[in-house]
Amino acid sequence: MAPIAIPAKRRKNIDIEPDVFKTLSIAAMEAGKSLKAYIEDLLRIKAKEYSEEIGTFDITEQLCIALNEVKDVRDGKLKAYSWEEYEKKLEND
């Protein structure tokens, strides 16, 4: 099983109310950016702030690690324990 590739960017169509569109368009012009680039920057900044606030991790990296570990278990390179086996192992240590 090969690692899963996750696209670097995703496209999403959004509906913007006329007054919000006008406000964002003016702000984008003042920033010297296209409306699309301006909104992308706003979203990137907000997502980074949110990630720092809640202490999130890179889900893409974590998913790839987990999938590679599943592959290693299937290939016999890594031992997987059931919860019961894990509890017994803890009791014996």
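The questions and answers below set values of this predicted model against the definitions of the terms used for them.

Q: What makes up the secondary structure of the chain, and in what order do the elements run from the N terminus?
A: The secondary structure comes to 4 helices and 0 strands, and from the N terminus on the elements read α-α-α-α.

Q: How do you know how confident the predictor is in the chain, and which element has the lowest mean pLDDT?
A: The chain averages a pLDDT of 82, and 86% of the residues score at least 70. Among the elements, helix α3 (residues 59-74) has the lowest mean pLDDT, 79, while α1 has the highest, 93. Where pLDDT is low, the predicted coordinates should not be read in detail.

Q: Why is W83 called exposed?
A: The relative accessible area of W83 is 55%, and exposed means over 50%, so W83 counts as exposed.

Q: Why is Y86 called partly exposed?
A: Y86 has a relative accessible area of 39%; because buried means under 20% and exposed means over 50%, with partly exposed in between, Y86 is therefore partly exposed.

Q: What makes the pair of W83 and Y86 tilted?
A: The structure holds 1 aromatic pair, and W83 and Y86 form it, at 5.5 Å centre to centre with 35° between the planes. Ring centres have to lie within 6.5 Å to pair, and planes under 30 degrees apart would be stacked while those over 60 would be edge-to-face, so the 35° of this pair makes it tilted. Both residues lie in helix α4 (residues 83-92), where they are 3 residues apart, about one turn of the helix.

Q: How far apart are A8 and T60 in sequence and in space?
A: A8 and T60 are 52 residues apart in sequence, and their C-alpha atoms are 9.9 Å apart in space. A8 is found in the segment before α1, whereas T60 has its place in helix α3.

Q: Why is A8 called exposed, and why is T60 called partly exposed?
A: A8 has 84% relative accessibility, which is over 50%, so A8 counts as exposed. T60 has a relative accessible area of 31%, which falls between the cut-offs of 20% and 50%, so T60 is partly exposed.

Q: What lines the largest pocket, and what is its volume?
A: The largest pocket has a volume of about 850 Å³ and is lined by 16 residues, of which R10, R11, K12, E40 and L43 lie nearest its centre. The lining divides into 8 nonpolar, 1 polar and 7 charged residues.

Conventions:
Residues numbered from 1 in each chain as written. Predicted model: local features only at pLDDT ≥ 70, side-chain atom pairs only at ≥ 80, totals over all residues. Heavy atoms only, no water. 1 Å grid on protein atoms, 1.4 Å probe; cavity = no way out; pocket = protein on both sides within 12 Å on 5 of 7 lines; lining within 4 Å. Points joined across faces, edges and corners; volume = space filled by probe spheres on them. Nonpolar A, V, L, I, M, F, W, Y, C, P; charged D, E, K, R; others polar. Phe/Tyr/Trp six-rings, centres within 6.5 Å; stacked < 30°, edge-to-face > 60°. Helix = DSSP H or I, 4+ residues; strand = E, 2+ residues; numbered from the N terminus. Buried < 20%, exposed > 50% of the residue type's maximum accessible area, 1.4 Å probe, protein only. pLDDT = per-residue confidence, 0-100.
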